[in-house]
Amino acid sequence: NTNSMQSPPSSSNKPRFSRTFLLISLAAVCTLFAFSTTTILPSTTTSSQSSLRRSLSSLKFRIANNVADVTTPVQYSDTAVYWHIHKAGGTSMKRYYSCLDMVLSSHVGITEGHEHDKYLQVWTNKDGYRYVNVDTTKEIGILRAKSLKLAERHLADVVFVTYPALTTHIFQQQFKGRFFTMFRHPIERTVSEFYYRQVANWEPVAGGFYTH
């Protein structure tokens with residue numbers, strides 16, 4: 001009887017072990033990355049709590065005075081600050097603004113011997129892209145940019161940073177930084193970064209990706 005014949009099970013009824021295993025693995029990777037990139041807070045002693053409160057109070061003051069509110073009109077004295085989150089489109093944004101002939105402040109700024117420049121200036125690389133001679137993606141570069149008065153000189157159209165809290169030191173009430181960024185789904189970003197680290201041997205070890 002043809003009516004009593006059973007059709008083979010559909011693919012949707014097959015075990016989903018591989019998919020479940022992948023999701024569990026991705027969750028574990030995300031947890032590891034979160035712990036590896038999170039700053040360890042001081043122990044809960046009275047002195048460390050006071051130090052932490054002072055640090056947070058100082059940061060709150062700098063944000064209130066040195067960072068422009070996105071709901072307010074853009075001022076000529078403002079500087080655009082892009083928070084570059086790794087594997088979330090930051091490199092594409094750099095290329096985009098470079099193609100618009102804008103002056104960038106990024107890690108490229110101190111290449112080709114410009115890390116030893118004594119004065120703030122704009123230089124052009126072999127591809128015709130323009131950079132300010134400071135590296136605002138690292139802590140020491142942020143302090144150098146502050147000492148060279150990057151905000152006051154207003155030479156950079158877009159400042160790329162990876163330490164947004166520390167970057168607030170560069171600006172002041174008369175010359176504010178106006179922050180913006182691009183986010184990516186955390187799972188997709190983690191997977192992208194995992195595979196990128198397997199091949200990114202061109203990245204510097206200090207302040208970049210570890211490939212070994």
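Two strands are taken to pair if DSSP finds at least two bridges between them, and helices (H or I, at least four residues) and strands (E, at least two) are DSSP runs numbered from the N terminus. The structure described here is a predicted model, in which local features need pLDDT of at least 70 and side-chain atom pairs count only at pLDDT 80 or more, whereas totals for chains, interfaces and linings use all residues. Residues are numbered from 1 along each chain as its sequence is written, and side-chain values use heavy atoms, with hydrogens and water left out.

The protein chain contains seven helices and six strands, which follow one another along the sequence in the pattern α-α-β-α-β-β-β-α-α-β-α-β-α. Of its 212 residues, 30% count as buried, a term that stands for under 20% relative accessible area, with exposed meaning over 50% and partly exposed in between (1.4 Å probe, protein chains only). The chain exposes about 14500 Å², of which carbon and sulfur atoms supply 60%; accessible areas come from the Shrake-Rupley method with a 1.4 Å probe. With contact defined as heavy atoms within 4.5 Å, 67% of the contacts between residues at least 6 apart in sequence join residues at least 24 apart.

The six strands form an open sheet of mixed pairing, in the order β3-β4-β2-β5-β1-β6. Strands β3 (122-124) and β6 (177-181) stand at the edges, and each has a single partner strand, so one side of each is left without a neighbour in the sheet. From one strand to the next, the twist averages 30 degrees, where angles run from 0 to 180 degrees between N-to-C directions and axes are lines fitted to C-alpha atoms, for helices over the stretch in contact. Strand β1 (residues 79-83) runs parallel to β6 and is joined to β6 by five bridges; within this pair, V81 has F179 of β6 as its bridge partner.

Helix α3 (residues 90-99) packs on the sheet, where it touches β1, β2 (103-105), β4 (130-132), β5 (158-161) and β6, and its direction makes about 165 degrees with that of β5. Within α3, the residues G90, M93, K94, Y97 and S98 are buried. These residues cover an arc of only 130 degrees around the axis, which puts them on the same side of α3, the arc being that of the directions from the helix axis to the C-beta atoms. The buried residues of α3 pack against β1, β2, β4, β5 and β6, whereas R95 and C99, on the other side of the helix, are exposed. After α3 comes D101, whose phi is positive, near 65 degrees.
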